[in-house]
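Please have the model open as you read.

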Amino acid sequence: MISSLRGQVQHVGLDHAVVEVGGVGFAIQATPTTLASLRRGEEAHLATTLVVREDSLTLFGFADAEARELFGLLQTVSGIGPRIALATLAVLEPDKLRHALAEGNITVLTQVPGIGKKGAERLIIELRDKVGQLPGAATPAQHSQTRDHVVEALLGLGFAAKAAEQTVDKVLADNPDQSTAAVLRRALSTLGRK
């Protein structure tokens, strides 16, 4: 129904944001990572999905379409509703979730509040084949694009170019298959210690 929204961010709370589109403010439930990327007064574009219940219409927002698709896929499993699906994406990045499902890693899945051992086993059984092919090693183009995005973000935060480039290169050398968000987090953590 509502697959995306673009508009000015009016409010950012702990578990939701309000985005004004055409004079109407939409309350959007989202993960902390998605909410952290929003700034009050700035324009935002979110991939969304509308969950219709007997007593409510709830809009869930995501930074990209991949997270939205995983959100929908998680809800196809018996016992997994929108709240647990959102909690799963809050705890596990899409890549880490795909790997955990494909590898049958119960330990990773039980880190999510509301998912016990039986729920994790059910997720693995029902979604292992649906999460698609696991991406192999990152291609040089993906690696370069991730590096460029993270270095640009660090420069925007005021870090020196040389320090940013060296830190990102070291983080990518340690684990080249990380998502852009994971590389940025590790780089910020490393730079924060210096």
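A crossing is left-handed if the near helix is turned anticlockwise from the far one by less than a right angle, and right-handed if clockwise. By that rule, H2 passes H3 in a right-handed crossing. This is a predicted model, where local features need pLDDT of at least 70, side-chain atom pairs count only at pLDDT 80 or more, and totals for chains, interfaces and linings use all residues. Residues are numbered from 1 along each chain as its sequence is written, and side-chain values use heavy atoms, with hydrogens and water left out.

**H2 with H3**
- Helices here are DSSP runs (H or I, at least four residues), numbered from the N terminus; H2 covers 65-74 and H3 covers 82-91.
- The H2 and H3 axes come within 9 Å and cross at roughly 135 degrees; axes are lines fitted to C-alpha atoms over the stretch in contact, with angles from 0 to 180 degrees between N-to-C directions.
- That angle makes H2 oblique to H3 (under 35 degrees is roughly parallel, over 145 roughly antiparallel, 65 to 115 roughly perpendicular, and the rest oblique).
- Ala67, Leu70, Phe71 and Leu74 of H2 touch Pro82, Ala85, Leu86, Thr88 and Leu89 of H3, where contact means heavy atoms within 4.5 Å.
- By class, this contact has eight nonpolar residues, one polar and no charged; Ala, Val, Leu, Ile, Met, Phe, Trp, Tyr, Cys and Pro count as nonpolar, Asp, Glu, Lys and Arg as charged, and the others, Gly among them, as polar.

**H2 with H4**
- The axes of H2 and H4 come within 10 Å and cross at roughly 40 degrees, and the two helices are therefore oblique to each other.
- H2 passes H4 in a left-handed crossing.
- From H2, Glu66, Ala67, Leu70 and Leu74 meet Pro94, Asp95, Leu97 and Arg98 in H4.
- This contact has five nonpolar, no polar and three charged residues.

**H8 with H9**
- The axes of H8 (residues 161-174) and H9 come within 9 Å and cross at roughly 125 degrees, which makes H8 oblique to H9.
- H8 passes H9 in a right-handed crossing.
- On the H8 side the contact involves Ala163, Thr167, Val168, Val171, Leu172 and Asp174, and on the H9 side Val183, Arg186, Ala187, Thr190 and Leu191.
- Its classes are seven nonpolar, two polar and two charged residues.

**The largest pocket**
- The largest pocket holds about 990 Å³ of space. On a 1 Å grid over the protein atoms alone, a pocket is an open set of points where a 1.4 Å probe fits, with protein on both sides within 12 Å along at least five of seven lines; lining residues have an atom within 4 Å of a point.
- Of its 29 lining residues, Thr33, Thr34, Ala63, Ala181 and Arg185 are the closest to the centre.
- H9 gives the most to this lining, with five residues.
- The lining divides into 15 nonpolar, seven polar and seven charged residues.

Key: Grid points are joined across faces, edges and corners, and a volume is the space filled by probe spheres set on the points.
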